[in-house]
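This report describes a sheet, the turn within it and the charged side chains around it. Please consult the sequence and the structure shown below while reading.

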Amino acid sequence: MRINWSTGIVIAIIAFITFIMFMVVTMISNNEYNHDLVTENYYQKELKYQYHIDASKNLNKLEHPLVIQKVPDGLEVNFPKDLIPTKIKGKIFLYRPSNKALDSEIEINLNQHRFVISEKALVNGRWDVVIDFTYNNQNYFHKKEIIY
């Protein structure tokens, strides 16, 4: 049997389509590839966008800033000195974009302006730290991307 150009082109196209179909089936059926949304309830979170803008403006109006920094113990959050620590209520969200199993939520319960997130709760890499708290019925919001 003799293979001419037209037969060779048809064979090449069929081989290419077979390869593409194999890759598609492999990607869909393999549990190693995660196809989840970035966050759960994405659309509900987007509806709170104006709340976050207003709460961020409230935080910027304070005399002292909220500071997040890496320390040997883990990650340190220093709340503004203007506020009485015992009246601060809220949550700290640790969001890991590459692995949702590492995401966590920590309740804020302060006796001093300094709050430390243990090194055990963090792994090296990128984290989104979201701090959402209230003080005297005023909302405050801070979001920062860090590399730990």
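Does Asn-137 count as buried or exposed? At 80% relative accessibility, Asn-137 counts as exposed, where buried means under 20% relative accessible area, exposed over 50% and partly exposed in between, with a 1.4 Å probe and protein chains only.

The model is a predicted one, in which local features need pLDDT of at least 70 and side-chain atom pairs count only at pLDDT 80 or more, while totals for chains, interfaces and linings use all residues. Residues are numbered from 1 along each chain as its sequence is written, and side-chain values use heavy atoms, with hydrogens and water left out.

**The turn**

Asn-137 is found in the loop between strand 6 and strand 7; helices (H or I, at least four residues) and strands (E, at least two) are DSSP runs numbered from the N terminus. Asn-136 lies in that loop as well. Strand 6 and strand 7 form a hairpin with two residues between them. Most residues other than glycine have a negative phi. Asn-136, although not a glycine, has a positive phi of about 50°, and Asn-137, also not a glycine, has a positive phi of about 60°. Asn-136 is exposed, with a relative accessible area of 52%.

Four strands form an open sheet in the order 4-3-6-7, with antiparallel pairing; two strands pair if DSSP finds at least two bridges between them. Strand 4 (104–108) and strand 7 (138–147) stand at the edges, each with a single partner strand, so one side of each is left without a neighbour in the sheet. On average, and with direction ignored, neighbouring strands are turned by 15° against each other; axes are lines fitted to C-alpha atoms, for helices over the stretch in contact, and angles run from 0 to 180 degrees between N-to-C directions.

Strand 3 (residues 89–95) pairs with strand 4 over five bridges, and Lys-91 has Glu-107 as its bridge partner in strand 4. Strand 3 pairs with strand 6 over seven bridges, where Leu-94 has Val-129 as its bridge partner. Strand 6 and strand 7 are joined over 10 bridges, and Val-130 stands opposite Lys-143 in strand 7. Strand 6 is mostly covered, as eight of its 10 residues are buried.

**Charged side chains**

Side chains of opposite charge can pair when their charged atoms come close. The structure holds five salt bridges, each a side-chain nitrogen of Lys or Arg within 4 Å of a carboxyl oxygen of Asp or Glu. Among them are the following.

| Side chains | Distance, N to O |
|---|---|
| Glu-105 and Lys-91 | 2.8 Å |
| Arg-126 and Asp-128 | 3.1 Å |
| Glu-145 and Arg-126 | 3.0 Å |

Glu-145 is exposed, with a relative accessible area of 54%. Arg-126 counts as partly exposed at 33% relative accessibility, whereas Asp-128 counts as buried at 5%. Lys-91 is partly exposed, with a relative accessible area of 29%, and Glu-105 counts as partly exposed at 46%.

**Glu-76**

Glu-76 is found in strand 2 (residues 74–78) and is buried, with a relative accessible area of 8%. A polar contact of 2.6 Å joins its side chain to that of Gln-69; such a contact is a pair of N or O atoms within 3.5 Å, where within protein one must be able to donate a hydrogen and the other to accept it, and residues adjacent in sequence count only if both atoms are side-chain atoms.
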